[in-house]
Amino acid sequence: MKIITAYQEFKDFRNSIESVSFVPTMGNLHNGHMALIDKAKSYDSHVVASIFINPLQFNDASDFNNYPKSIDDDIAILSEHGCDSLFIPDSSILEDIEEIKAPDKALYLCGMNRPGHFDGVLTIVNKLFKIIKPSRSFFGKKDFQQLTLISNFVKENNLPIEIISVDTVREQNGLAMSSRNNRLSESDREKASKLYKTLNVIKENSYNLSYELINKHKDELIQQGFVVDYLSACSPDSLKNLEDFNSRPILVAIAASISGIRLIDNILID
């Protein structure tokens, strides 16, 4: 696997490749990321991953500073999964960067309490797209709002990039894989599985959905020690809370913290 850290070196290298399948990451890789790499490998093209912990998308400086780093392990796991090239830029990637303002869709769900987060996501993804020039790029459905915003951004700006979504990869207990899971204690990791169980219970009762039911489940999570940012039933297109619970499809999304560690998950009812 070729490792490149300099923008100009990657630019020169890019000229020697035809088609690129791109997986952007912030490192501390797990099986969820590897599902993206494996999907990228299924296309007949050169697979490029990137690792950059983007300060623009963190609202909390301590969250940015505490973000887990495991670069040596990341390089090993990418190489094992057949990634062809790895781009690891330094902070100079942020110099003279074009700032992208996320649309109103970014104000719902995770955007409600994380102002500017998706501005930072779109800003860095746009810069990476300009450098990597991928034919296609891969994102996980766990970050559904991010996936939607990036897909829409690519369409609205007529970028010649296919955005491919990959199903959420879960731990044995159902907890969605996340780099933040490494910071959970054993007992908190088991308790965190309650988030996915709650989503499944709501899905099983999808024909009796109401805000009363949603709030009941939210209160149960709070009683179990979670700090619930949101538990929402919304349109997967607009991300706005539902007005008609009989409409389909429905996205049920959750963000909740346990012991100060914020986790997100979602389930689609179609």
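Which handedness does the β-α-β unit made by β2, α2 and β3 have? These legends take a predicted model, where local features need pLDDT of at least 70, side-chain atom pairs count only at pLDDT 80 or more, and totals for chains, interfaces and linings use all residues. Residues are numbered from 1 along each chain as its sequence is written, and side-chain values use heavy atoms, with hydrogens and water left out.

**View 1. The β-α-β unit is right-handed.** That means that, with the strands pointing away from the viewer, the path from the first strand over the helix to the second runs clockwise. Helices (H or I, at least four residues) and strands (E, at least two) are DSSP runs, numbered from the N terminus. β2 and β3 run parallel, joined by 6 bridges; strands pair if DSSP finds at least two bridges between them. Look for V20 opposite H46 in β3.

**View 2. Strand β3 (residues 46-51) is mostly covered.** Here 6 of its 6 residues are buried (under 20% relative accessible area, exposed being over 50% and partly exposed in between; 1.4 Å probe, protein chains only). H46, V48 and S50 point one way, while V47, A49 and I51 point the other. β3 also pairs with β4 (residues 85-87), parallel again, over 3 bridges, and S50 sits opposite F87 there.

**View 3. N28 lies in the loop between β2 (20-25) and α2 (31-41).** N28 counts as buried because its relative accessibility is 8%. Its side chain makes polar contacts with the side chains of S70, at 3.1 Å, and N182, at 2.7 Å (N or O atoms within 3.5 Å; within protein, one must be able to donate a hydrogen and the other to accept it, and residues adjacent in sequence count only if both atoms are side-chain atoms).
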